[in-house]
Each structure stands twice: as C-alpha cells, then as structure tokens.
Amino acid sequence: MIDPMKRRMPPLILGWREWIGLPDLKVERIKAKVDTGARTSALHAWDIHPFRRGDNTFVKFVLHPIQRNNDVEVACTARVIDTRYVRSSIGQREKRYVIQSTVKLGEFSWPIEITLTNRDEMGFRMLLGRSALHRDVLVAPRSSYRLGKPKRKRSIKKRSR
C-alpha cells in the first residue's frame, strides 16, 4: 500500500470524478465523485443488516458498483467503526453505519471511512469526501479521470458459419 502522505513527490491531482477501487470490499472499480464539500465519503448500499460477532458489530450489505446497472451486485461484510448522523445534499438528517475500507486511486492506496446509504437516486454510487483526501491530494475541478479510465471489455461477436 502506497500512502501519498509518506511520499516525497508532487501532490496527487484528482479530477472531480475518478475511477477508484475498494479492494477490501472486493470492488475492483467504481466511479466516484470527488466532493470536497462533503466531509465524509458515502457508498451506495442496500439490504443493510447489522450483526454481532464477539464484541464487534458488523454489517452485511449489497452494492451495485456500476452506475445505472442493477444487474451487477457485490455482497459485502465489514466491521462497523461508528454510527453517525449525516446531513444529505437535500438537507435530510440520516443515521448511517460507518465502515473503514482501503481506497485505491491509481497506484496509491490508504484507509478511509465510508458511510453506507442508498444513493440510487444520485448520479454516482460513491462519493469521496474531503476527510478521505490527504494533504498531498489536490482536486482539479475542471478535470475528469486524471488517473485514467478503465479499458472497456470488448464484446466478442459470435461468428456464423
């Protein structure tokens, strides 16, 4: 894991939207909106069920990592590190579970806190808030995908004989 806080290089510059990975949650890539106006990161999750394991609370949930596609589902389990009241973009106060997961941006990765909420009506399944950004991370608001876009898998057409 390369932590941008420990490197002695120019700052990591992100666009206002980036493809990120959440390897602890088995999500290779998810499109995220980088939002410095939001304190905490948020992930689209549904079918959220808390449970106890020893002295710890965990949460099982399902997420759809691909925007506008509910066919692809990822079942996740994570330890709850907190519950918080968060005010949504429409001003509604909501109690959310907070988990910790590694975020992967290009060749860099570090742990972040993520709240779980239903973002079905939002444009992005993941919101990367300012508390997830280190002091060596800058956001270029006029840029997108500064760390690159994933290569699209080409569909293989069946040849007719």
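# Strand 9 and its partners

Guide: Strand 8 (residues 93-105) and strand 9 pair in the antiparallel sense over eight bridges. This is a predicted model, in which local features need pLDDT of at least 70, side-chain atom pairs count only at pLDDT 80 or more, and totals for chains, interfaces and linings use all residues. Residues are numbered from 1 along each chain as its sequence is written, and side-chain values use heavy atoms, with hydrogens and water left out.

Visitor: What makes strand 8 and strand 9 a pair?

Guide: Two strands pair if DSSP finds at least two bridges between them. Here there are eight bridges, so the two strands pair.

Visitor: Which other strand pairs with strand 9, and in what sense?

Guide: That's strand 4 (residues 41-44), in the parallel sense, over four bridges. His44 has Thr117 of strand 9 as its bridge partner.

Visitor: Why is Thr117 called buried?

Guide: Buried means under 20% relative accessible area (exposed is over 50%, partly exposed in between; 1.4 Å probe, protein chains only). Thr117 has a relative accessible area of 6%, so Thr117 is buried.

Visitor: Which residues does Thr117 touch?

Guide: Contact means heavy atoms within 4.5 Å. Setting aside neighbours within four places in sequence, Thr117 is in contact with Ala42, Leu43, His44, Ala45, Glu94 and Arg96.

Visitor: What makes strand 9 mostly covered?

Guide: Look at residues 108-117: eight of the 10 are buried. Across the chain, 41% of the 161 residues count as buried.

Visitor: How do you know that strand 5 and strand 6 pair?

Guide: Again, count the bridges: six of them join strand 5 (residues 46-53) to strand 6 (residues 56-63), and these strands run antiparallel. Arg53 has Asn56 in strand 6 as its bridge partner. Their hairpin has two residues between the strands, with Gly54 taking a positive phi near 65 degrees.

Visitor: How many helices and strands does the chain have?

Guide: Zero helices and 11 strands. Helices (H or I, at least four residues) and strands (E, at least two) are DSSP runs, numbered from the N terminus.

Visitor: What share of the chain's contacts join residues at least 24 apart?

Guide: Among contacts between residues at least 6 apart in sequence, it's 57%.
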